[in-house]
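Let us take a friendly walk through a protein model together. Have the sequence and the 3D view ready, and look up each residue as we come to it.

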Amino acid sequence: MESIPPYKRKPTVYLDQNVLDFFTKQGVGEFGQMLIKDYQVVYSDETLKEIRRSKGFEEIFLNVLKDLKANYLKLIVEPPSFAITDNATIRDRDPFVVYKEYCENIDDSVDIEYAMQQWLFKFSGGRKGDSINDIHNEQISAFSELMESIMDNSDEFPEETQSELQSYTQEMISQYKATLEKTESMMLENIEDDKNWDGIKDFRSQVGIGPKQLNNIEPPNVLVKIWGKLKTLPTYSQVNMDIDEFFQLKKNPISPEQPYFKHQKVTVIYNMLNTLGYYPDSKVHKERRFIAAASDNSHASIASFCNFLLSNDEHFIKKVNAAYEYLEIPTIAKHVVFKYA
């Protein structure tokens, strides 16, 4: 991987979509001018994804990014396996150009992220009437298509690399199928009716905890305090498990053999806090609300590369700060309140 010099300019600030939405309605104004003067505003692929979903307001959002002199924050992946790294780049590029490239790449590829999220959507009470096997088959199909798409676009690589990539893609497909089959078998042992399953509701009911018990917890040490409450409940009082095992922080839950970075752990903690009921996202059994919650999680992850994160969503900030604090991520996440004219 090429050597990338460290970023040494103004402090970076990542804006949640609701902050950008405020600027589209009220203009950049004094607050925006302060950000331009004292900070480097950044945006990510998740920002672009939300802009793409705005349907008819894309140009307005992109103009806001341009007015804020925002830079593009991009997570680095390593070819040929496209492995996730713990590095990102910040580039000064025209948001309209970046958005055009993003849309072209999305249109030309399999939406693997959407397929992968369907399991979590099912766990959240969505996809009523569909079995876990139905969803796993969709995921296998999408993953296989993605691997084939990678091979179709491998002509630019040397012949030796193409051969290595071919072997790698086949191995990845086989491993992915085996993992899903094992997961499905284990899950069905504990689920009576998977077609009408609501994982979050079942989990809270079995554990005996939820928002009522958790939303009075204040920082510092939010995760430690939550684990302290859980350890007093029958489900976990006799279990030989520590806090890192509970929050799935010891090894990558999807690819145990791969490195496990802090920005990935943010995602896992955020999901677990939602599941437990710590200032949870509401109505995630509805697809629109689930998609919004998934976007929030992605914003929380990528913003961990920045100095600051701003959002108008207090529940989001509480979960983010709980994750950042435990992982010792120095990013400062702030809840901002707007006054509309």
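The report below starts with the sheet, moves on to helices and salt bridges, and ends with a few single residues.

This is a predicted model, in which local features need pLDDT of at least 70 and side-chain atom pairs count only at pLDDT 80 or more, while totals for chains, interfaces and linings use all residues. Residues are numbered from 1 along each chain as its sequence is written, and side-chain values use heavy atoms, with hydrogens and water left out.

**The sheet**

Two strands pair if DSSP finds at least two bridges between them. In what order do the six strands of the open sheet lie? The order is β4-β3-β2-β1-β5-β6, and the pairing is mixed. At the edges are β4 and β6 (332-335), each of which pairs on one side only. From one strand to the next, the twist averages 35°.

With β2 (residues 40-43), β1 pairs in the parallel sense over three bridges, and Val-13 has Val-41 of β2 as its bridge partner. With β5, β1 also pairs in the parallel sense over three bridges; here Leu-15 has Leu-310 as its partner. Strand β5 (residues 308-311) then pairs in the parallel sense with β6 over four bridges, where Leu-310 stands opposite Lys-334.

Are the faces of β1 covered or open? Both are covered: Thr-12 and Tyr-14 on one side, and Val-13 and Leu-15 on the other, are all buried. Buried means under 20% relative accessible area, exposed means over 50%, and partly exposed lies in between (1.4 Å probe, protein chains only). In a regular strand, side chains alternate between the two faces of the sheet.

**Helices and salt bridges**

A salt bridge is a side-chain nitrogen of Lys or Arg within 4 Å of a carboxyl oxygen of Asp or Glu. By this rule the count is 13. The table shows three of these pairs.

| Salt bridge | N to O distance |
|---|---|
| Asp-21 and Lys-25 | 2.6 Å |
| Arg-93 and Glu-101 | 2.8 Å |
| Glu-138 and Arg-127 | 2.7 Å |

Glu-138 sits in helix α7 (residues 132-152) and Arg-127 in the loop between α6 and α7, so that this pair, eleven residues apart, links distant parts of the chain. Arg-127 and Glu-138 also belong to a network of salt bridges with Asp-130. Arg-127 is buried because its relative accessible area is 16%, whereas Glu-138 is partly exposed at 36%.

Why are Asp-21 and Lys-25 about one helical turn apart? They are four residues apart in helix α1, which means a separation of about one turn. Asp-21 is partly exposed, with a relative accessible area of 24%.

In helix α6 (residues 112-123), the buried residues include Ile-112, Ala-115 and Phe-121. Just after α6, Gly-125 takes a positive phi of about 100°.

**A few single residues**

Tyr-340 is found in the segment after β6. Which residues does Tyr-340 touch, not counting those up to four places away in sequence? They are Phe-22, Lys-25 and Gln-26; contact means heavy atoms within 4.5 Å. Tyr-340 and Lys-25 are 315 residues apart in sequence, and their C-alpha atoms are 8.5 Å apart in space. Tyr-340 counts as partly exposed because its relative accessibility is 44%.

Asn-252 lies in the loop between α13 (243-246) and α14 (262-276). Leaving aside neighbours within four places in sequence, Asn-252 is in contact with Gln-258, Pro-259, Tyr-260 and Gln-264. Asn-252 counts as buried because its relative accessibility is 8%.

Conventions. Helix = DSSP H or I, 4+ residues; strand = E, 2+ residues; numbered from the N terminus. Axes fitted to C-alpha atoms, helices over the stretch in contact; angles between N-to-C directions.
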